[in-house]
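Here's a quick tour of the fold you're about to look at. Keep the viewer open and follow along.

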Amino acid sequence: MQLVDTHAHLFADEFRDDLPEVVTRAKESGVEQIVLPNIDDGTVEPLLQVSSAYAGYCFPLIGLHPTSVGRDYAQRLSRVRHCLEASDAFIGIGEIGLDYYWDDTFRQEQLLVFKEQLHWAAERGWPVSVHSRNAFDDLCKVMAACSGSMPLRGVFHSFSGTAEEAARLLSFEGFCLGINGIATFKKTALPEALREVPLARIVLETDAPYLSPVPFRGRRNESACLPHILIKVSEIYGLPPEEVAAQTTANAKVVFGL
Ligand SMILES: [Zn+2]
């Protein structure tokens, strides 16, 4: 069984002591490629170190995460842009988006930074990995405004919304929903929300080191946990895990050009 973890932060401090073992376990559990979305200007160096140590296995995205957008956004965005131009390792833009949950002081700045980075992706024909929390209406507004005029594709990462929200997001052609450990949580509404979502429009992700699936909740997440998410998604769709693995892996390869 071949899987792609479409969202993992293996360059995070949490993996500093045992990354080789983490990667070995990922390979042993069938994960054949891992997409690493950047966080901000401070994480590009470890991101590129990990991507080059595991070239052909770990694929980096470059971008400025909305939770790192503050008063100094212009400088940080320009540093990230500089990193983008200084390396040919990147395969897409991420993670980018809107997050009004942790702090919504800088909404206007977040909107500006998000749109700018969508332009970066469109200019290059690259995919985007989109983060959104408590910002659904603004997300859809920006996407509607931009997707009409530029060729965009990518993943709405960590989807945990309703069936209506899923339908709205899937109205953006070329986009998939990223499904992670939230699907395994007791209180999740995802089985209901995914009822009308074709398997061709979802990809699997861990969001490691965060959001460990049941039965590992509260512990550090890693790419080797991806099969637990696969099993849950298979139950939701009532299909054999092999079929869900094959389809979601194919989706991930198309969207990220792997
Ligand atoms: Zn992330």
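Glutamate 95 sits in strand E4, which covers residues 92–99. Its link to glycine 94 is a cis peptide bond, with omega at about -10°. Keep in mind that this is a predicted model.

- As background, most peptide bonds are trans, and most residues other than glycine have a negative phi.
- There's another cis peptide bond between alanine 208 and proline 209, where omega is about 5°.
- Proline 209 belongs to the loop that runs between strand E8 (202–204) and H8.
- That loop between E8 and H8 also holds leucine 211, whose phi is positive, near 55°, even though the residue is not a glycine.
- Is leucine 211 buried or exposed? Leucine 211 counts as buried, because it has 22 C-beta neighbours inside 10 Å and the cut-off for buried is 20 or more.
- Serine 158 is another non-glycine residue with a positive phi, about 55° here.
- You'll find serine 158 in the loop between strand E6 (154–156) and helix H6 (163–170).
- Serine 158 is buried too, since 24 other C-beta atoms lie within 10 Å.

**The sheet as a whole**

- Eight strands make an open sheet with parallel pairing, and the order is E1-E2-E3-E4-E5-E6-E7-E8.
- Which strands stand at the edges? They are E1 and E8; each has a single partner strand, so one side of each has no neighbour in the sheet.
- On average, neighbouring strands of this sheet are turned by 30° against each other, direction ignored.
- In a regular strand, side chains alternate between the two faces of the sheet.

**Zooming in on strand pairs**

- Strand E1 (residues 3–5) pairs with E2 in the parallel sense, over three bridges.
- How many residues of strand E2 (residues 31–36) are buried? Five of its six are, which leaves the strand mostly covered.
- E2 also pairs with strand E3 (residues 58–62), again in the parallel sense and over three bridges.
- In that pairing, look for leucine 36 opposite proline 60 in E3.
- Over towards E8, strand E7 (residues 175–179) pairs with E8 in the parallel sense over three bridges.
- Isoleucine 179 stands opposite leucine 204 in E8.

**The H8 and H9 contact**

- Helix H8 (residues 226–237) packs against helix H9 (residues 241–256) at an angle of about 105°, and their axes are 9 Å apart.
- That angle makes H8 roughly perpendicular to H9.
- On the H8 side, the contact residues are Leu230, Ile231, Val233, Ser234 and Tyr237, while H9 brings Pro241, Val244 and Ala245.

Methods
Residues numbered from 1 in each chain as written. Predicted model: local features only at pLDDT ≥ 70, side-chain atom pairs only at ≥ 80, totals over all residues. Buried ≥ 20, exposed ≤ 12 C-beta atoms within 10 Å, placed from the backbone. Helix = DSSP H or I, 4+ residues; strand = E, 2+ residues; numbered from the N terminus. Pairing = 2+ DSSP bridges. Axes fitted to C-alpha atoms, helices over the stretch in contact; angles between N-to-C directions. Parallel < 35°, antiparallel > 145°, perpendicular 65-115°, else oblique. Contact = placed C-beta atoms within 7 Å.
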